[in-house]
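This report describes one protein model and its ligands.

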Amino acid sequence: MSKPKEYSWMTKDKLMTYTFFALLILTIITAAMWSMETTPSGWNLGLTLGINAIIAVGIAVGLDVFLHKITADSPLNILSAAVFGLIVTDSYSLGVPVMRTVELFPLEAPQCFIYIVLITVVGLVVFKKIVGTTGKKIVNPAAAAKLLVTIPFVQSLLIAIDHLKSSALGVPALSGPIALSSVVDKNGAASFGTYIVSCFSNASGKLPDQFTTNNLLQTMFLEKFHGWPGGAVTLAVIIVGVAFFVVARRYVKWRITLSYFAVVAILSLILSFAYGDADLYTRLLFELFIGSSIFLAFFMATDPATTPLTYTGQLIFGAGTAIITVLMQTYTQFFGASFVALVIMNLTVPILDKIGRTKPTTESKEPKLPKAKAFAPEKIKEYQCMKCGACMRVCCHGLSPILIKQAFDKQDFDTLIKLHADYCTGCGHCTFVCPSRIDLRNSILRAKAMLRQQ
Ligand code: SF4
Ligand code: SF4
């Protein structure tokens, strides 16, 4: 029997399992809270969410297995498909806001089931599998599929046209002074605070006569009955998200979340001052904790495959997503625009990947490595690179092992020279830390040998 090999304790399967359970907890919390709500079509909102989850996860996993059976180059990745299914579920807009009588977008069952099916199929087949066969996922599959499938509704989603003409959705403008209690929005219908509380509140519950800061805090932090299910309970997203980040901190790109929130907060305060808001917290709480922002910042904007490898790239990525989101929400009145911002920023990743790389050096610096675990050789399963960037942070010579491997696979000598593959001393830290169990060390040493021969 061959000897067990030592690697870091984290594997891609483990990471996917943790992500799945984090998402499942959030879905269950929202479904439980929403189970007290019945929509005008007579469907229980919690049950609707549960059915959406079963449809999305079932279809994603089923398609993953099916495609693996019929095509040679479609790897079986059940856990990743299940995570994708829950992301689709948690980022679909559901609920019964004040504008629930306006049938511009399927916010309720049974119509929403059709859209969940469409988004899951398009996202998995087009953006995960077909695009994934190139070895690179370009855009977040759930966000891109949602965008594609909702294009027929773009007139109502990009509320600028629809809203400015007819005010059908009753969405107040953020491009002016707002406040918790004063009537300042362009529709003249209600204050922005009133809008938030009534839009997100339990439709069957009685709204308070006088809105207070406590009403606003309770709505934004504890119970939203409309929007992205994953972000319905802000407090739960923060607790589950932070716990997940702590456990998987070396492999999760939490800097994106941090820079996203920091920039959203700064921009909100700048806009508050610029427009002369009566208070500073209404806009701030809305921009930070609207369900689409809070869920996306923790669980979608950090998707390793479609985000930058370097720390600087990640900070810029989070900031860019925040800027586009806030500007779209303010000037097109498209609340929940963060998924469009995410797709736009995904396209900048090839450029951001070039910013902030560590400088290769012949000097050696010992990195801090994660806990080791011995794995029996038959249990070591190699996956496609998930772009976590962990290998780039442990190289004692500041090299970019995954980029060197990719250049070596393409036999790209110029890039190998630029990346200083010849500095590698074969310490094996990169292979040790890789959750996809890619033998980086071997590839890089072969690249070095090839460079020497040249
Ligand atoms: S094996 Fe080479 S590339 Fe990998 S960490 Fe060690 S020196 Fe860096
Ligand atoms: S090769 Fe590097 S970036 Fe890719 S999964 Fe392994 S450690 Fe992460």
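Gln411 is in the loop that runs between α18 (401-409) and α19 (413-418). Helices (H or I, at least four residues) and strands (E, at least two) are DSSP runs, numbered from the N terminus. Gln411 has a positive phi of about 55° although it is not a glycine. With a relative accessible area of 41%, Gln411 is partly exposed. Buried means under 20% relative accessible area, exposed over 50%, and partly exposed in between (1.4 Å probe, protein chains only).

Lys387 is not a glycine either, yet has a positive phi of about 60°. Lys387 sits in the loop between β4 (372-375) and α17 (390-394) and, at 16% relative accessibility, counts as buried. The peptide bond from Ala109 to Pro110 is cis, with omega near 0°. Pro110 belongs to the loop between β2 (94-95) and α4 (111-130). Most residues other than glycine have a negative phi, and most peptide bonds are trans.

## Model and overall make-up

This is a predicted model, in which local features need pLDDT of at least 70 and side-chain atom pairs count only at pLDDT 80 or more, while totals for chains, interfaces and linings use all residues. Residues are numbered from 1 along each chain as its sequence is written, chains are lettered from A and ligands numbered from 1 in the order in which they are written, and side-chain values use heavy atoms, with hydrogens and water left out.

The protein chain has 21 helices and four strands. Of its 454 residues, 57% are buried. Among contacts (heavy atoms within 4.5 Å) between residues at least 6 apart in sequence, 75% join residues at least 24 apart.

## Packing of α1 with α3

Helix α1 (residues 12-34) and helix α3 (residues 78-90) have axes that come within 9 Å and cross at roughly 25°. That makes α1 roughly parallel to α3. Axes are lines fitted to C-alpha atoms, for helices over the stretch in contact, and angles run from 0 to 180 degrees between N-to-C directions. Angles under 35 degrees count as roughly parallel, over 145 as roughly antiparallel, 65 to 115 as roughly perpendicular and the rest as oblique. The crossing of α1 and α3 is left-handed; a crossing has that hand if the near helix is turned anticlockwise from the far one by less than a right angle, and is right-handed if clockwise.

On the α1 side the contact is made by Asp13, Met16, Thr17, Thr19, Phe20, Leu23, Leu24 and Thr27, and on the α3 side by Leu79, Ser80, Ala82, Val83, Leu86, Ile87 and Asp90. These residues divide into nine nonpolar, four polar and two charged. Ala, Val, Leu, Ile, Met, Phe, Trp, Tyr, Cys and Pro count as nonpolar, Asp, Glu, Lys and Arg as charged, and the others, Gly among them, as polar. Thr19 of α1 counts as buried at 12% relative accessibility. Leaving aside neighbours within four places in sequence, Thr19 is in contact with Val83 and Phe244.

## Other helices

α14 and helix α15 (residues 338-346) pack at an angle of about 140°, their axes 8 Å apart. The two are therefore oblique to each other, and α14 passes α15 in a right-handed crossing. Among the residues making the contact are Ile316, Phe317 and Gly320 of α14 and Val340, Ala341 and Leu342 of α15. By class, the contact has nine nonpolar, five polar and no charged residues.

Helix α12 (residues 281-289) is mostly covered, with seven of its nine residues buried. Its buried residues pack against α8 (192-200), α9 (213-221), α10 (234-247), α11 (254-275), α13 (291-300) and α14 (311-331).

## Ligand surroundings

A residue is near a ligand if one of its heavy atoms lies within 4 Å of it. Ligand 1 is surrounded by Cys395, His397, Pro401, Cys424, Thr425, Gly426, Cys427, Gly428, His429, Cys430 and Ile444. This shell has six nonpolar, five polar and no charged residues.

Around ligand 2 are Cys385, Met386, Lys387, Cys388, Gly389, Cys391, Ile402, Cys434, Pro435, Ser436, Ile438 and Leu440. They divide into nine nonpolar, two polar and one charged.
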